[in-house]
Amino acid sequence: MAETGVSALPPTPSASTPLARAEHFVWLTARVLEQRLFAHHFRGGDADPVETALDAYRNEDGGYGHALEPDLRGPDSRPLHTVHALRVLDSIGRCGGQRVERLCRYLTSVSTPDGALPAFPPGRDGCPAAPFARGAGAPSGDLLATGPVVGLLHRNEVWHAWLFRATDFCWQAVESLRTARPHEVEAAVAFLDSAPDRPRAEAAADRLGRLVREQRLAVLDPDRLGAGPVPPGDVPGEPRLPHDYARTPRSLARAWFTDAEMNRSLDFLAAAQQQDGGWPARRRRRAPAPVPEARSMATVEALRTLRAYGRDLG
């Protein structure tokens with residue numbers, strides 16, 4: 001008698017190319033958004049279906065919610081969802097127009113007195129939220145939320161009144177870093193890569209790169225991934241490698257690492273593809289539900305990074 005219940009996923013052909021194995025994983029496990037992104041970036045798919053999929057996460061206030069960023073559950077608009085949405089729009093060349101105008105109105109409505117974005121503004125009573133998203137007291141400006149948003153808007157030549165003070169906040173936050181956590185460095189790079197004052201950005205990135213190396217915020221030898229100290233404020237199991245900071249060769253962070261260091265990092269990334277065709281989400285997940293969603297995101301991003309550096313995906 002045949003067993004009942006959910007069948008196991010079909011095995012991924014071991015002899016297929018990395019891209020074909022990843023496609024198998026994405027179509028079996030990913031959200032519609034990541035499926036559409038994969039089709040757009042790697043199979044010549046149109047950008048319109050990506051926008052349609054992203055619209056499902058947009059709220060009436062112009063922001064995004066509904067677990068667009070998988071760790072943040074619940075329907076409320078959050079600045080970190082906005083970061084995710086802007087990355088999607090930027091990646092398909094649609095970061096402009098009325099959509100972004102509405103989004104900037106949302107950013108203005110949730111900004112702190114210094115013109116920046118809080119990571120977790122107050123949400124509606126009774127709506128679910130991750131434990132780390134339940135801040136106490138008045139929210140304060142946060143580089144993690146503000147830096148990538150400002151950088152992406154500048155990258156796409158969006159000009160809005162909100163940007164002036166938010167840009168000043170980012171400059172002050174980045175240039176005052178003396179010790180940093182890896183995710184602060186990632187946010188700083190996202191800002192500096194597109195900041196309009198290029199000489200100032202290059203000088204700030206040079207100083208930040210020295211800080212990264214001095215404080216050992218990047219694992220330069222993947223064979224010793226768990227051997228180094230955990231950076232202050234970070235958690236075990238979330239190490240950053242050179243490609244995590246420099247996701248494309250055009251990033252200012254690329255100059256922080258030698259060719260050999262970057263090649264070892266990319267070799268590690270390529271080898272991290274798992275048997276089912278997907279990449280692991282190396283960041284700590286705080287609930288079971290976000291894990292497959294985060295893996296699909298990680299898979300699309302890994303493929304994009306490898307392709308940006310000219311790696312053969314098949």
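In which helix is L208 found? In this predicted model, L208 belongs to helix α9, which comprises residues 198-214. The residue counts as buried, because its relative accessibility is 0%. Leaving aside neighbours within four places in sequence, L208 is in contact with L177, V185, A188, V189, L192 and W256.

The chain as a whole contains twelve helices and zero strands, and its pattern, read along the sequence, is accordingly written α-α-α-α-α-α-α-α-α-α-α-α. Of the 314 residues in the chain, 48% are buried. Among the contacts with a separation of 6 or more, 64% are accounted for by residues 24 or more positions apart. The mean pLDDT of the chain is 88, with 84% of the residues reaching 70 or more. Over residues 1-7, however, the pLDDT is below 50, and this stretch has zero contacts in the model beyond near neighbours in sequence. Where pLDDT is low, the predicted coordinates should not be read in detail.

Helix α12 may be considered next. The helix runs over residues 290-308 and has 19 residues, and the distance of 27 Å from its first C-alpha to its last is close to the 27 Å expected at 1.5 Å a residue. The buried residues of α12 are P290, E293, A294, R295, S296, M297, T299, V300, A302, L303, T305 and L306, and what covers them includes α1 (18-29), α2 (32-42), α4 (79-91), α10 (242-245) and α11 (259-271). An α-helix has 3.6 residues a turn, so residues three or four places apart point the same way. After α12 comes G310, whose phi is positive, near 80 degrees.

Two packed helices are described by the angle between their axes and the distance between the axes. For α1 and α12, the axes come within 10 Å and cross at roughly 155 degrees; because angles over 145 degrees count as roughly antiparallel, α1 is roughly antiparallel to α12. The crossing of this pair is left-handed, and the contact is made by L19, A22, F25, V26 and T29 of α1 together with R295, S296, T299 and L303 of α12. Within α1, the residues L19, R21, A22, E23, F25 and V26 are buried, and the elements covering the buried residues of α1 include α2 and α12. The twelve residues of α1 should span 16 Å at 1.5 Å a residue, and the end C-alpha atoms are 16 Å apart, which agrees with that expectation.

For α11 and α12, the axes likewise come within 10 Å, and they cross at roughly 140 degrees. The two helices are therefore oblique to each other, and α11 passes α12 in a left-handed crossing. On the α11 side, L266, L269 and A270 take part, and these residues meet A302, T305 and L306 in α12.

Phi of R216 is near 55 degrees, and R216 is placed in the loop between α9 and α10. As to accessibility, A67 is buried, with a relative accessible area of 9%, whereas R216 is exposed, with a relative accessible area of 53%.

E186 is found in helix α8, which covers residues 182-192, and E186 is buried because its relative accessible area is 17%, burial being assigned under 20%. Between E186 and R240 there are 54 residues of separation in sequence, while their C-alpha atoms are 9.6 Å apart in space.

Methods. Residues numbered from 1 in each chain as written. Predicted model: local features only at pLDDT ≥ 70, side-chain atom pairs only at ≥ 80, totals over all residues. Heavy atoms only, no water. pLDDT = per-residue confidence, 0-100. Contact = heavy atoms within 4.5 Å. Helix = DSSP H or I, 4+ residues; strand = E, 2+ residues; numbered from the N terminus. Expected span 1.5 Å × (residues − 1). Buried < 20%, exposed > 50% of the residue type's maximum accessible area, 1.4 Å probe, protein only. Axes fitted to C-alpha atoms, helices over the stretch in contact; angles between N-to-C directions. Parallel < 35°, antiparallel > 145°, perpendicular 65-115°, else oblique. Left-handed = near helix turned anticlockwise from the far one by under 90°.
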